[in-house]
Amino acid sequence: MSKHSITVETPTGPLCVSEEGGEITRVSWNRAAEESPTPLLEEAARQLRDYFDGKRQDFDLPLRPRGSDFQKTVWRQMLKIPYGGTKTYGDLARAIDGTARSVGTACGANPIPVIIPCHRVVGADGTMTGFSGGEGVETKQALLRLEGALLI
């Protein structure tokens, strides 16, 4: 199975989107080492640009995040958080019978940020806790501001 990647310029920095076997497998804050666009990657780039332009609230892309069964369960819960909304680590933990700490670890391991919206998961008191993408918490805040979930 061949891997392909493309760079998408965004207000939070360049995103490298990777595809393998007709599914998105990774999004990271950097540039693709080698551009190898495919129709799926072009569509992912279009949807990401629309999201950052405020024209898209949901993504319609085939995803294949790699991780443990528990991580995949957490990521599926994150996909249920609506645009402009947030949930706490504890909210997600209660939904899957886990712990806030284990949910936080799974959030940090999310290989497809933005599309799988780990930025919508916040601390128990609404505080911005860690974020592994881009410039960390500042990037998380920028994404939440874009969605209207953070007003500062």
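**The aromatic cluster and the nonpolar core**

Tyr-51 has 0% relative accessibility and therefore counts as buried, where buried means under 20% relative accessible area, exposed over 50% and partly exposed in between, with a 1.4 Å probe and protein chains only. This is a predicted model, in which local features need pLDDT of at least 70 and side-chain atom pairs count only at pLDDT 80 or more, while totals for chains, interfaces and linings use all residues. Residues are numbered from 1 along each chain as its sequence is written, and side-chain values use heavy atoms, leaving out hydrogens and water.

Phe-52 is buried, as is Tyr-51. The rings of these two residues form an edge-to-face pair, because their centres are 5.1 Å apart and their planes stand at 85 degrees. Rings of Phe, Tyr and Trp (its six-membered ring) pair if their centres lie within 6.5 Å; planes under 30 degrees apart count as stacked, over 60 as edge-to-face and the rest as tilted. Tyr-51 also pairs with Phe-59: the centres are 5.5 Å apart and the planes at 45 degrees, so this pair is tilted. Tyr-51, Phe-52, Phe-59 and Tyr-83 make up one aromatic cluster.

I turn now to the core. The largest nonpolar core contains 35 residues, and Leu-48 is among those with the most contacts inside it. Such a core is a set of buried Ala, Val, Leu, Ile, Met, Phe, Trp, Tyr and Cys residues joined through side-chain atoms within 4.5 Å. Leaving aside residues up to four places away in sequence, Leu-48 touches Val-8, Leu-15, Val-17, Phe-59, Val-114 and Ile-115, a contact being heavy atoms within 4.5 Å.
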